[in-house]
Amino acid sequence: MTALPASTNKKLGLVIDLDTCVGCHACVTACKGWNTQNYGAPLSDQDPYGDASGTFLNRIHSYQVEPDQGLAQTIHFPKSCLHCDDAPCVTVCPTGASYKREEDGIVLVNEDACMGCGLCAWACPYGAREVDEAAGIMKKCTLCVDRIYNENLPEEDRVPACVRTCPAGARHFGDLADPDSDVSRLVQARGGVDLMPEQETKPVNKYLPPREKDTLQAPEMSGEEDVLAPFLAPVAEEPKGFLGWLDRTLEKL
Amino acid sequence: MHPAPSVIIFSTLSGAGFGLLFFLGLDPDPPRGWVGFTFFAIAYALACGGLFSAFFHLKNKKNAWKSYSQWRTSWLSREAWAAVLALVVMGVFAAGLVFRDTHFAPLGWVGALLSLATVFTTSMIYAQLRAVPRWNQAATPAMFLAYALAGGALLSGRETWSGWLFLLAGAITLWHWWKGDRRFAEVGTTIRSATRLNSGVTLFEAPHTGDNYLTREMVFRIARKHAVKLRVIGLLAASLVPAILVLAPFDLGFAAKHALAGLALLIHLGGVFVTRWLFFAEAEHVVGLYYGAHLDRQAA
Ligand code: SF4
Ligand code: SF4
Ligand code: SF4
């Protein structure tokens with residue numbers, strides 16, 4: 001079972017827009033909520049009001065980028081399982097618990113077979129797998145497999161919890177094997193990229209790089225006066241008239 | 001990587017145990033009766049003790065038996081097979097020698113091969129991981145095999161053999177360190193390739209205030225200063241000192257020679273323990289880059 005399928009019929013995955021993600025962590029909370037209340041062992045927390053450690057399938061890092069030109073940027077960087085085509089986490093698994101589905105390419109863990117050795121988490125270059133401390137079994141993003149095909153849910157809810165909840169529209173879900181799907185066209189239009197291509201995992205999930213930011217306040221612009229500047233300049237340094245009187249009176253009190 | 005004591009003990013002890021089984025299996029005139037029993041008992045205690053401590057590392061032990069199912073793809077599954085087959089074959093071989101005074105040589109050869117295969121499969125669990133560049137090199141299996149053979153040779157009373165094997169293991173360890181210090185840059189994963197963001201990327205905020213499974217398990221950092229000291233201690237104890245003790249041409253009595261060999265063995269195992277600790281503690285997992293670690297190791 002831990003042999004990878006030669007090819008998958010679909011490649012369901014996420015496209016994450018680093019330009020629009022605002023780092024609100026709403027997707028982290030939605031993910032933890034759904035995956036704690038539904039399929040599989042709940043995602044436990046250890047000492048949540050103290051040292052605060054726990055299992056998460058989706059985490060948001062934030063990076064500071066200082067480009068050669070222009071201003072520094074803060075980029076919020078969501079990271080979850082990329083459902084790789086050549087998933088090293090699957091082939092190392094000794095028990096057959098880890099597998100990649102032929103029908104849609106989703107990488108899953110069969111919790112009834114996992115022995116909690118942790119080797120698959122070592123094999124994943126992205127840190128997308130975590131052993132749950134309470135359950136002792138491997139947890140990872142399921143692409144909300146219990147939502148996307150769930151006919152008990154209204155149609156608009158049949159997407160991963162993180163995608164459904166993202167207030168910025170930074171997360172997109174779809175079939176990346178179909179060149180005409182919305183996600184594939186988005187990747188095409190925005191130059192979507194793979195993370196760590198040199199690790200040769202062939203991730204399905206794609207990341208859209210941040211767009212160029214405007215340069216209105218970039219260092220080379222400062223010093224030049226805007227044409228509107230005279231109208232925007234403060235009219236009086238010291239308050240005069242009624243405000244001035246009020247100010248002086250209050251000062252005396 | 002987090003240097004878990006159970007895994008380090010496992011690989012040190014079971015390596016020596018399977019090394020001893022290898023030499024017992026190939027021996028043209030292996031020990032029989034009570035002497036044989038003692039040798040095999042030591043080998044099994046080391047090999048099984050090691051396996052047991054690895055078993056305790058599992059977080060869901062009740063499914064351990066399922067690890068026999070994926071030998072086609074998984075080195076960990078192959079290790080489980082090799083270990084059990086080696087122990088069973090050598091068990092039959094030992095029973096013949098101890099209880100029946102019969103030496104069935106071909107069985108010993110098969111058992112010897114399986115014992116080596118066990119050590120090799122253990123090493124491949126680490127060597128296969130591209131995400132841990134320091135392990136992902138040919139010197140990793142070479143080093144595990146050399147230490148197993150060196151320890152096994154001494155345990156089986158082959159002092160001269162063990163002396164040269166100690167030196168060989170030491171040389172391979174140096175090779176592993178030399179290559180290992182370069183592997184991260186060779187693999188080419190950097191914080192830029194990890195995030196695909198442009199020049200000058202630094203971690204601004206981690207995803208969480210506390211630590212997590214990933215940072216505990218995979219983002220272990222050891223001060224470079226200590227690493228150098230420990231490398232010197234490890235190399236001296238695992239290789240040079242025991243080699244000198246067993247190869248030195250003193251004309252000692254039988255008892256003194258055995259005492260010296262015993263001392264060499266203890267120093268050697270201590271040294272292997274130190275180098276194994278370093279093998280884990282120094283290993284950088286590429287996921288550390290996401291947490292702002294190992295930037296000094298990445299390619300420019
Ligand atoms: S991101 Fe990691 S866990 Fe997910 S499929 Fe790829 S290697 Fe496996
Ligand atoms: S932790 Fe579970 S899923 Fe991962 S390799 Fe071990 S048995 Fe397989
Ligand atoms: S919910 Fe959307 S905007 Fe918020 S952190 Fe997640 S991806 Fe970014």
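Guide: The dialogue below takes up domains, a ligand shell, ring pairs, charges over rings and salt bridges in turn. Please keep in mind that this is a predicted model.

Visitor: Let us begin with the overall layout. Which domains does the assignment give for chain A?

Guide: Chain A is assigned domain 1, covering 12–208, and domain 2, covering 219–253. Taken over C-alpha atoms, the centres of domain 1 and domain 2 of chain A are 51 Å apart.

Visitor: I turn to the aromatic rings. How many aromatic pairs does a search of the whole structure find?

Guide: Over all chains, 19 aromatic pairs are found. To read one of them, take the distance between ring centres together with the angle between planes; an angle over 60 degrees counts as edge-to-face. For Y63(A) and F77(A), the centres are 5.6 Å apart and the planes stand at 85 degrees, so this pair is edge-to-face.

Visitor: What parts of chain A does that pair tie together?

Guide: Y63(A) belongs to strand β4 (residues 58–65) and F77(A) to strand β5 (residues 73–80), so the contact ties together parts that are 14 residues apart in sequence. Both Y63(A) and F77(A) are buried.

Visitor: What is the geometry of the rings of F279(B) and F280(B)?

Guide: Their centres are 5.5 Å apart and their planes are at 85 degrees, so F279(B) and F280(B) also form an edge-to-face pair. Both F279(B) and F280(B) are buried.

Visitor: Where does a charged end sit over a ring?

Guide: Here one looks for a charged group placed over the face of an aromatic ring. The charged end of R147(A) sits over the ring of W34(A), 4.6 Å from the ring centre. In chain B, R72(B) lies over the face of W71(B), 4.8 Å from the centre of that ring.

Visitor: How many salt bridges does the search find over all chains?

Guide: The search finds 26 salt bridges. For each, one may read the N to O distance, the elements involved and the burial of the partners. D17(A) and R190(A) form one in which the closest N and O atoms are 3.0 Å apart. D17(A) lies in strand β1 (residues 12–17) and R190(A) in helix α6 (residues 182–190), so this bridge ties together parts that are 173 residues apart in sequence. D17(A) and R190(A) are both buried.

Visitor: Are R32(B) and D101(B) buried, exposed or partly exposed?

Guide: R32(B) counts as partly exposed at 30% relative accessibility, and D101(B) counts as partly exposed at 48%. Their side chains meet in a salt bridge of 3.4 Å, N to O. Each partner lies in a loop, R32(B) between α1 and α2 and D101(B) between α3 and α4 of chain B, so the pair ties together parts that are 69 residues apart in sequence.

Visitor: Which residues are joined into one network by salt bridges that share partners?

Guide: Consider R231(B) and E282(B), whose closest N and O atoms are 3.1 Å apart. R231(B) lies in helix α9 (residues 224–247) and E282(B) in the segment after α10 (254–281), so the bridge ties together parts that are 51 residues apart in sequence. R231(B) counts as buried at 15% relative accessibility, and E282(B) is buried with a relative accessible area of 8%. The network joins R231(B) and E282(B) with R134(B), D181(B), E284(B) and R297(B).

Methods. Residues are numbered from 1 along each chain as its sequence is written. Chains are lettered from A and ligands numbered from 1 in the order in which they are written. This is a predicted model: local features need pLDDT of at least 70, side-chain atom pairs count only at pLDDT 80 or more; totals for chains, interfaces and linings use all residues. Side-chain values use heavy atoms; hydrogens and water are left out. Domain bounds come from an automatic or database domain assignment. Rings of Phe, Tyr and Trp (its six-membered ring) pair if their centres lie within 6.5 Å; planes under 30 degrees apart count as stacked, over 60 as edge-to-face and the rest as tilted. Helices (H or I, at least four residues) and strands (E, at least two) are DSSP runs, numbered from the N terminus. Buried means under 20% relative accessible area, exposed over 50%, partly exposed in between (1.4 Å probe, protein chains only). A charge sits over a ring if NZ of Lys or CZ of Arg is within 6 Å of the ring centre and within 35 degrees of the ring normal. A salt bridge is a side-chain nitrogen of Lys or Arg within 4 Å of a carboxyl oxygen of Asp or Glu.
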